[in-house]
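Biologist: Please take a close look at one part of this model for me, the open sheet, and then go through the salt bridges.

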Amino acid sequence: MTSALIADGLTKRYGRRSALNDCTLDIPAGHVVGLVGPNGAGKSTLLQLACGLLDPTAGRIEVLGARPVSGSPQVGFVAQDTPVYAGLTVADHLRMGAHLNPSWDAALAKRRIAQVGLDPAQKAGKLSGGQRAQLALTVAAAKRPNLLLLDEPVAALDPLARRNFLQGLMELTAEQGMSIVMSSHLVADLERVCDHLIVLVASRVRVAGDVDDLLATHHRLVGRRRDTADLGAGRALVEQSHTEVQSTLVVRSTAPIVDPSWQVDRLDLEDIVLAYMSGAAGDGPDRVLEGQR
Amino acid sequence: MIWMTWRQFRTPALATGTLLLALLGGLALTWSEVTQLARETGYTGCQGDACRAAGEAFLQALQPGWASEFHIAAIGALYLLPALVGIFWGAPLVARELESGTYRMVFSQSVSRGRWLLVKLAAGCGAAALGAGLLSLVLTEWAQPIDGASADRMNPLVFAARGIVPIGYATLAFVVGVATGLLLRRTLAAMAVTLLVVISLQIAAPFVVRPWLAQPVTTVSPLQFDGDYGISMSPDTGRMTVHVQPDRRGDWIVSSTTITSTGAEFTGPADMTQCGPRASGGREACQSWLGKQNLSLKVSYVPGSKFWDLQWREFGALFALTVALSLFSLWWVRRRLV
C-alpha cells in the first residue's frame with residue numbers, strides 16, 4: 001500500500017500554543033479518506049502542512065513521497081471557508097487556473113461549471129456559499145492533482161448544497177481516480193463518500209481503517225454489570241458506560257463475539273467515531289482552539 | 001502568472017494611468033506656449049548678460065497662462081505619485097490576499113510563492129517606473145527653458161520633480177507598500193504605515209540624504225557688504241547674527257554661515273554704540289563696524305553642473321533600497337509567511 005501522506009512526530013506551534021502536537025499517521029493513496037475529529041484536533045493544521053502552506057515546527061511530513069511545498073502541481077487544496085477572489089468572475093477563476101497550472105483540464109472545468117449551474121459571467125463575490133465551494137472545488141480538481149486535500153469543505157453549506165457538493169466530489173473520484181483527503185467534524189458528511197476513515201483527537205490518531213473493516217469489527221455489547229478487564233484476546237475496549245445493573249461497551253474485535261451473556265449489536269459509523277472521540281476525552285493533552293486559518 | 005497579475009492590477013493601474021495622461025496632455029498642449037513666450041521675450045537665442053533680463057521677462061510672461069498651472073500640477077503629481085503608488089498599488093497587493101484568505105487559493109496553484117511575488121513586484125515596479133519616468137522626463141524636457149531662465153533646478157523642491165529621481169521614489173514607494181502589507185497582513189494598517197514612511201522619506205531626502213550624497217563644496221571668502229544682507233540682533237544681550245545670501249546662481253546652497261577669523265560662527269556681541277536701536281550712526285555705522293570685524297562667509301554648496309551626477313546618485317540610492325526591500329519581501333514570502 002503506497003502512502004499519500006506520512007506524518008512522523010509532526011508538530012506545529014504558534015509561539016507557545018501548539019496547533020498540532022507530535023502527530024504520527026499514514027494515509028494510504030488511492031482512497032477517499034475522511035479525517036474526522038473534534039474542533040481543535042489539528043485537522044486544518046495537518047492539511048495546511050500537507051499542502052505546504054505551513055511549515056512544521058518539528059517532525060517530518062511527506063506527501064506523495066516528497067516534502068510538501070506550495071505550488072506543487074501534484075497536490076490540490078481547497079481551504080476552509082473556500083476562499084475565492086470576490087472581484088473576479090467565475091470565468092476569470094477558470095482562466096486563472098488555466099494560466100497557473102500546466103496540467104489544467106479546461107474541458108473538465110467547463111463541464112463542472114455547467115453541471116453545477118454556475119454563470120461564468122457572475123462575480124465570485126456574489127456567489128452563495130455552496131456555489132463558492134463548487135467553484136473552489138472545480139479550480140482545485142481541474143488542476144488534476146494526484147492528491148486533493150479538502151479542509152471542511154461542506155461545513156458552511158446547507159444540507160442540499162452539501163449533498164450536491166459531495167455528489168460532485170464522488171463524480172470526480174470516479175472519473176479522475178485521484179486520492180482525496182477531506183476533513184470534517186461531522187461523520188454524516190463523510191460516510192457517504194469516504195472509504196477510509198481516520199479519527200484524530202488532540203493530534204493523536206484514535207483509529208484508522210477502511211470503512212468496511214471498521215463497521216465489521218466494532219460491536220456494542222450490552223449485559224449485566226461487570227468488570228471490563230476480562231474481555232479476552234483480540235478484543236479491545238473502546239468505550240464503556242455503566243449503570244447500577246447494566247454495562248454498555250464498545251469493543252473492537254476481529255473475530256465475531258459469541259457470548260450469550262452479552263447482547264451484541266452492530267454499530268454505524270457515527271457511533272464508532274463518537275465512541276472513539278468520547279473514549280479519548282479527558283486523557284489527551286490540552287485541547288487547543290481551532291487552528292489558524 | 002502574468003495574466004493573473006494584470007487581471008488584479010488593471011483597475012488601479014488604469015486609474016493612475018488616466019491621471020498621468022491628463023497631465024501629459026496638459027503639458028503637450030502648453031508646449032508651444034512655453035517655446036513661443038521664450039522666443040517672444042527674447043530668451044531663446046539670447047547672448048551673455050542679456051539672458052538674465054530676458055529670462056526674467058520670460059518667467060513674468062509665463063505667470064498668467066496655463067503653462068505655469070500645469071507646471072505646478074506636474075510637480076505636485078510627481079510628489080504625490082509615490083504615495084499613491086505605495087498606498088493603492090503596493091499595500092493591498094499581498095495584504096488583501098492575506099486578509100481575504102485568497103492566498104490559500106493562489107498558493108495551491110502550480111506556481112511557487114517566490115515566482116508569484118516576483119512577477120507582481122516586477123509588474124508593479126515596471127508600471128510605477130514607466131508612469132513616473134514618462135511624466136518626469138516629459139516635464140524635464142518641457143521645462144527646459146524655464147529651468148534655464150530661473151536657474152532653479154537644483155532647488156530641492158524642483159530637483160525631485162526632474163530627471164530620473166522620481167522613478168526611484170515611485171518604485172521604492174511601491175515596494176515599501178508591498179513589504180508593509182506582507183508584514184502587517186492588514187490592508188488598512190499597511191496603507192497608513194506606507195503613507196507615513198513615504199512622506200518621511202520625501203521629507204528626509206533633501207535635508208539628510210541629498211547633502212550626504214552630493215558632497216557639497218565648501219568655500220570661505222571675506223565677507224563683502226555690497227550685496228543684500230540681513231542682521232538680527234538682540235538689543236539686550238548684544239547677540240548678533242549676519243545672514244548673507246551668496247550669489248551662486250544655479251547652485252544649491254546647502255548652508256551659508258558668517259564666521260569669525262577663528263572659524264566659529266559669528267554671534268556678536270555687537271558694539272551697542274554702532275549697531276542696534278540705541279546707536280546713532282544708523283545702518284552705515286553698523287556696516288563699517290561689521291566690516292572691521294574680519295568676518296568671512298562660509299558657503300557650502302553643490303554646483304549646478306552636478307545636476308545629473310546628483311540625479312544618478314540619488315536614483316542609485318533609491319534603486320538599491322528598492323532591490324534590497326524586494327529581496328527581503330521575496331525571502332519573507334518564501335520562508336516566513338505562514
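**The open sheet and the salt bridges**

Modeller: In this predicted model, β1(B) and strand β5 (residues 296–302) of chain B pair in the antiparallel sense over 6 bridges. Within that pairing, Thr218(B) stands opposite Ser300(B) in β5(B). The sheet that holds this pair is open and has 3 strands, in the order β1-β5-β4 of chain B, with antiparallel pairing. Its edges are β1 (217–222) and β4 (252–259) of chain B, each of which pairs on one side only. On average, neighbouring strands of the sheet are turned by 20° against each other, with direction ignored. A helix also belongs to this picture: α9 (residues 187–214) of chain B lies across β4 and β5 of chain B. The helix α9 runs at about 90° to β4(B).

Now to the salt bridges. Over all chains, a search of the whole structure finds 10 of them. One of these joins Arg7(B) to Asp92(A), with the closest N and O atoms 2.9 Å apart. This pair crosses between chains: Arg7(B) sits in helix α1 (residues 2–40) of chain B, and Asp92(A) in helix α2 (residues 90–100) of chain A. Both Arg7(B) and Asp92(A) are buried.

Another salt bridge stays within chain B, between Lys120(B) and Glu97(B), where the closest N and O atoms are 3.9 Å apart. Lys120(B) belongs to helix α5 (residues 113–142) of chain B and Glu97(B) to helix α3 (residues 66–100) of chain B, so the pair ties together parts that are 23 residues apart in sequence. Lys120(B) counts as buried because its relative accessibility is 4%, and the cut-off for buried is under 20%. Glu97(B) is buried too, with a relative accessible area of 3%.

A further salt bridge is formed by the side chains of Asp309(B) and Arg313(B), at 3.5 Å from N to O. Here both residues lie in one helix, α11 (residues 307–335) of chain B, and they are 4 residues apart, about one turn of the helix. Asp309(B) has a relative accessible area of 34%, so Asp309(B) is partly exposed. Arg313(B) is likewise partly exposed, with a relative accessible area of 34%.

Technical notes. Residues numbered from 1 in each chain as written. Chains lettered and ligands numbered in written order. Predicted model: local features only at pLDDT ≥ 70, side-chain atom pairs only at ≥ 80, totals over all residues. Heavy atoms only, no water. Pairing = 2+ DSSP bridges. Helix = DSSP H or I, 4+ residues; strand = E, 2+ residues; numbered from the N terminus. Axes fitted to C-alpha atoms, helices over the stretch in contact; angles between N-to-C directions. Contact = heavy atoms within 4.5 Å. Salt bridge = Lys/Arg side-chain N within 4 Å of Asp/Glu carboxyl O. Buried < 20%, exposed > 50% of the residue type's maximum accessible area, 1.4 Å probe, protein only.
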